[in-house]
Every structure is written in structure tokens, then in C-alpha cells.
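Hi everyone, thanks for coming. Today I'd like to walk you through one protein model, and please have the picture open while I talk.

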Amino acid sequence: MTDAATDDTVNQDTATATTQQREQHSFQTEARQLLHLMVHSLYSNREIFLRELVSNAADACDKLRFLAVSDAGLLGDDSELRIRISVDEEAGTLTVSDNGIGMDRDEVIANLGTIARSGTKEFLQQLRDSKSEQRAELIGQFGVGFYSAFIVADSVTVETRRAGSAAESGVRWQSDGEGEYTLESIERAQRGTDVIVKLKQDASEFLREYRLRSIIQRYSGHISFPIQLLTQPPADVDEDGKEKDQPAPEWQTVNETTALWTRPRADISDEEYADFYRQLSHDSEPPLTWTHNHVEGSQSYKTLLYVPGHAPYDMMFNRDERQGLKLYVQRVLIMDAAEQLLPNYLRFVRGVVDSADLPLNVSREILQENDLLQKIRAAVVKRSLNMLEKLSEDADKYRQFWTQFGTVLKEGIVEDMGNRDEIARLLRFASTRTGLDATTSLPEYIDNMPEGQDTIWYVTADNLKAAAGSPHLEWFREQGIEVLLLGDRIDEWLMGYWFEFDGKSLKSIAKGKLDAAEAEEPEQADKDLLERLHRLLDERVQAVTSSARLKSSAACLVLDENAMAMHMQQLLQQAGQDVPANKPALEINLQHPLWQQLREADDARFEDLGWLLYEQAVLSGGGQLDDPAAFVQRTNRLLIPAADADS
Ligand code: ADP
């Protein structure tokens, strides 16, 4: 590394000043590990390093353009923001240079000395667990872009100067990616940043102009600043076919700098839309669909919205921190992920909003209350829902969408009352008619309803299989009534807020009375026995009754109309929440052989069989037993002849 390296600097976070000008610093311990892993796992994708450096350079230009709105002096006499790429074949270096915002010394330490600032551990884990096709995308998601240079580099040098600061306040950062870096002060005539990559021997392909050109066009074609490649024009030929003197190399712009979303739809090919999506999202897969609109009138704005083909890794758990759309005002990037532009339940949508009317100096706080922005947001929601509606005409694509984002979209039923019906039409459910591998929509369910049915029936459980195994389904199956099977964690919560669709009520088959299935009045002996069973189980159930809904199961639990499902009650209790006591009723199938046995049982056996009936009902309803050991002992007593049964 450098001549200043000493043992005691290794693996420390702090700087050790060795000379006035040049200091040696160490990355955190994890950084070394991360770099190592990245270099090896991304080898087959290594050209993405250029995309990452160009993307950082473009961000730096965006930041300066934004600041220059209120402080034009920052641009000085160098107002054409651009990114330049050049190679020095002899030295074996590739340089990505920008005249953007640049960095001061502290920023260099904070930005380049701390690898993947927050998510390093998580990133490492994901990288290990992911397939190689997914790795390039992970790099983008976790913001370790700059370090991807070490995939191809023996060493990387960054020379930078913050816009607005003096020439002597330049900084040089240098590292071979092994765990340390050096910093020194330099004089630098121009603002902005040069990233100089000393290429490894086997990476000399990145010295070739045509190779660089094709990578830039592929990955960075829609960056809105000119990307210029230092190009050797072909030598002119004189009349005799002899070459004249070699002309000087010149900067040639290799990308399309007209922002895609400002161009008319008819002029944009699907391929361009897909390319732009890839650059916007850092997703290596194409989008599922998109919608592009220019709105002119009292307000003018442009929107370009995409549905990705797959969910990012953290969609369900941590809300994605890049959630939101890129907000531009007259092509100046104002915010990278304006979450104010999208409700939570549409957090998978990616895209751009460019407003002609918002003030250029809006802050996140102002955005929250801005009327115009609220209007744009409402329009973005409508457009997104329309886009999904259209997508649903393509069964395969919609299935893909639903698998990836269905649970997120469902949140909209509760979050966005104003669009509830539109959202509801977009939901899909497995049902007793479709089976577990297919789905139906609510309009389709209604179309299939027999004359006279006015309820949309569903059952919730911890998972689809448990829902499909619910004993409550028996009567419905016999009657040929379709029941929706809801097995997502959020379904029980969702259905607690949602009672109607298209004039039909939504009801759980495991809650409340079933008017249509009225049980016959039991005989007196059975009535007595039901009462006796109730006394036994009094702590757990509010009633024990004869059931008309059971056909093959012996017993099931039925909750009050408004009660929370058992699996949900238990989940909340486990999370330490107070859940209002809500005792279910136990319904018994009087035709079942177990009931017959109960009739004939002595006291001890009655108790065992009685509890077993209850416990079976808990289990088949997707609940968990409070005391599994007691259940096991009880089952053994019933299975093993009395004399041996003591365990
Ligand atoms: P990310 O870009 O995802 O934040 P990187 O590791 O690529 O992560 O870069 C870290 C940070 O370094 C950036 O956020 C930015 O602040 C700074 N940086 C990188 N390249 C440049 C550049 N060319 N000009 C100014 N700042 C830069």
C-alpha cells in the first residue's frame, strides 16, 4: 500500500497522521470482507463498475445543478455540467471525471471511508445468499457502488474539490482496496471529481473505446448529462489514399441527453422505456409494464411510472428506503425518492414526476403540504391503478405481479378508502373453486355466485393450506358455495376493516351464525351432554352447540361476527399486546363417532375426550395449543389401554 503503512493503523477507524500532507486511514473491519466478496462474486458482471461510477458522477452533477438554482456563482464559468471518460493506455488507467459538486475532506472520509454505511452486514448476507444474476442489482440497492471499481482495479485514486471552495482545498484519496486508504491535500484547478482506476492486468478490455462506448450506451444511455468519451477521430486521407497527420483526440458525447420522459410517447420504443427503467431502478430485469403521460393545462407535469418485475429484497420488512418517485422540477432533480408522491401500498412503483409548476427550492417539509403536489399524487395513484388494471388483462404478467406485490397492494384497502373499489378489483384470491394454485378476482367470484347468494364468503388462516383445511368449509363445499381462501398474515387485519364489495357483504365462514345452515334441535340426552361439555370447557368457550356446518370433522370453533381470528389473537398475544378476551363457541358434529363415544364414556374418559374435541377444533382452525404436553398425554391415554397409560 503506501510507505506510511504501520501495523498499528490496521483495522482502526481513526486516522493516524503520518505526515502533514498524507495520512493513512483504515476501513472498518467489515469493509475488507465486503470488498473481497464483491470482487469475487461480481466478477462475471464486472462491467457494472462503470455504470456505478457514471451514476455517482451524474448524481454529483444533479446536486450541483440543484444548489446552483439558488447560488448561480457555484457554477463559475464552467456551467456545462458533464461527465468525461478517458483512458491512458500506457498507464493502464481509466478516468471518470465530472464537474459536479465534488467533495471536501470530511465528505471524502465520510463517503469513501465508510463502506456501505448502514447495511454492510445485511448486504454481505444477501450477497452470499443470492444467485449471481441478482448480485449486480444488490450492489445498486445497497449503495456500495463506488467500491465496485475494485472489481477491475489494482488501485483507485479519487481527486476532488468541492464546488465553491479554493483551488488548494483539493483532496486526493487513494486505495488498493485491501483495507487502508490514504488522504492528502492537493491543489486542483477545477471543481468536481476524477476517479482514476488503475486497471488490473486482466481488465485491459476497459481501455478500448468501443467497449466503453457500448457499456455506456447499455447502462447509462439515459443519464441526463452528456457523457463524453475521449475519442480518436479517424485520420483524414489525402487524394492518394495516404493518411494525413493524426488529428487530436476529441470529446464525443455518447449518450442521449434529452430526458426520456420529456419526449413524445410515439417517439419512444419499448426498448428505450425498458433501458430507462433499468437505469432508474438499478434493476437488471425488465419492468412488467409502464405508463407515460404528459399533463398540460392549469398545471403541467409529466409522469413516467413503472411496475418492476420483482420485489426488492426488503420490500415487506424494512420499507424500501428508495421508496418513492424521482421528483424533477423542469428537469432539475429535486428529490431522489419522494415518498410523498406515493401512498405506502404503491411503494413498489418506480418512476419519475417532472413538474413545471413546483418551486425549485421545495423541501421535503414543504412538499408535504403543497396543494399542487397533493394533486399530482392523486393523479399518480389513479394512473398506477389504471396501469395495473390494464396489466391484469395479461394473465401471466398479472400473476407475476400478484405474486411479487399482492400483499403490498392489499394494504390499500385500508389505507386508501377513496380508491377502495378500484383496488379491490385488482386483488386476487385462491378459493375453493380455483384451488391453491390459481386465483379469482372479486368480480369473477360474484359472476359465479348462484342466484340468491348475497354474501362473499371467505376464511382466514395463517397460511393457504390451513385455510383450505378449515373444517368450516365442509358445509360450503357440500352446498357448492365458493369460499375465498385467505392465507396472508395481513388478511385477518385487512378483513377487520372491509365489509362490503359491490353491494355484497364480505363474511368469514368461521364467524357468526350461519343462517342458511340451521342445526336441528338436538335430543334431550344430547342437550344434556352438550351442557356438561360446556361446564368442562367453560374457561375456553362461551357455548357448546350442535353444528350444522360440519360434515366430516368432529368439532370446530366459531367466533363472534366481529371477533379477531384465533391465530391473530395468538399472534398479538405473543407480541405482548393486550387482546380483548374473545371466547369462541364450540360447535359439535353430533353425527361424528367421537360424539358417540362421548355419550358412552365414564367420567375420566369424558374429560379426556371432551378436551380432545376442543383441542382438535383449535388445531384445525389454525390455532396453537396452550399446553401441547397435556394434549400429548391425553391422546396417549386414549390410544393406550387404561392399565399402561401413565405417560
Ligand atoms: P451511493 O452512491 O449509493 O451513495 P457510493 O459508494 O457509490 O454509494 O458513493 C458513496 C458516496 O460518495 C456518494 O453517496 C457520494 O456522496 C460520494 N461520491 C461518490 N462519487 C462521487 C462523485 N463523483 N462526486 C461527488 N461525490 C461522490
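First, some housekeeping. This is a predicted model, in which local features need pLDDT of at least 70 and side-chain atom pairs count only at pLDDT 80 or more, while totals for chains, interfaces and linings use all residues. Residues are numbered from 1 along each chain as its sequence is written, and side-chain values use heavy atoms, with hydrogens and water left out.

Now the overview. The protein chain has 20 helices and 24 strands. Helices here are DSSP runs of H or I with at least four residues, strands are runs of E with at least two, and both are numbered from the N terminus. Of the chain's 647 residues, 52% count as buried. Buried means under 20% relative accessible area, exposed means over 50%, and partly exposed is in between, using a 1.4 Å probe and protein chains only. Let's look at contacts too, meaning heavy atoms within 4.5 Å. Among contacts between residues at least 6 apart in sequence, 68% join residues at least 24 apart.

Let's move to a sheet. In what order do the strands of the open sheet of 6 strands run? The order is β17-β16-β19-β18-β21-β20, and the pairing is mixed. Two strands pair if DSSP finds at least two bridges between them. At the edges sit β17 (435-440) and β20 (500-501), each pairing on one side only.

Find β18, residues 455-460, in that sheet. How many of its 6 residues are buried? The count is 6 of 6, so to speak a mostly covered strand. In a regular strand, the side chains alternate between the two faces of the sheet. Here Thr-455, Trp-457 and Val-459 point one way from β18, and Ile-456, Tyr-458 and Thr-460 point the other way.

β18 has partners on two sides. With β21 it pairs in the parallel sense over 4 bridges, and Thr-455 stands opposite Ser-505 in β21. With β19 (residues 484-486), β18 also pairs in the parallel sense, over 3 bridges, and Thr-460 stands opposite Leu-486.

β20 and β21 (residues 504-508) pair in the antiparallel sense over 2 bridges, with Glu-500 opposite Ser-505. In the loop between β20 and β21 you'll find Asp-502. Its phi is near 50°, a positive value in a residue other than glycine. Most residues other than glycine have a negative phi. Is Asp-502 buried, partly exposed or exposed? Asp-502 is partly exposed, with a relative accessible area of 47%.

Gln-330 also has a positive phi, near 45°. You can find Gln-330 in the loop between β13 (325-329) and β14 (332-338).

Next, another sheet. This open sheet of 3 strands has the order β22-β24-β23, again with mixed pairing. Its edge strands are β22 (543-546) and β23 (555-558), each pairing on one side only. From one strand to the next, the twist averages 25°. β23 and β24 (residues 585-588) pair in the antiparallel sense over 4 bridges, and Val-558 stands opposite Ala-585 in β24. Helix α19 packs on this sheet, touching β23 and β24, and its direction makes about 65° with that of β23.

On to helix pairs. Two packed helices are described by the angle between their axes and the distance between the axes. Axes are lines fitted to C-alpha atoms, for helices over the stretch in contact, and angles run from 0 to 180 degrees between N-to-C directions.

Take α18 (residues 593-600) and α19 (residues 603-620): their axes come within 9 Å and cross at roughly 155°. That makes α18 roughly antiparallel to α19, a label for angles over 145 degrees, while under 35 is roughly parallel, 65 to 115 roughly perpendicular and the rest oblique. The crossing is left-handed, which is used if the near helix is turned anticlockwise from the far one by less than a right angle, with right-handed for clockwise. Leu-594, Trp-595, Gln-597 and Leu-598 in α18 meet several residues of α19, including Phe-606, Leu-609 and Leu-613. The contact residues divide into 6 nonpolar, 3 polar and 1 charged. Here Ala, Val, Leu, Ile, Met, Phe, Trp, Tyr, Cys and Pro count as nonpolar, Asp, Glu, Lys and Arg as charged, and the others, Gly among them, as polar.

Now α2 (residues 48-68) and α6 (residues 209-220). Their axes come within 9 Å and cross at roughly 65°, and the crossing is right-handed. Ile-48, Leu-50, Arg-51 and Val-54 of α2 make the contact with Leu-212, Ile-215, Ile-216, Tyr-219 and Ser-220 of α6. Those residues divide into 7 nonpolar, 1 polar and 1 charged.

One last stop: Leu-34, in helix α1 (residues 29-41). Leu-34 is buried, with a relative accessible area of 0%.
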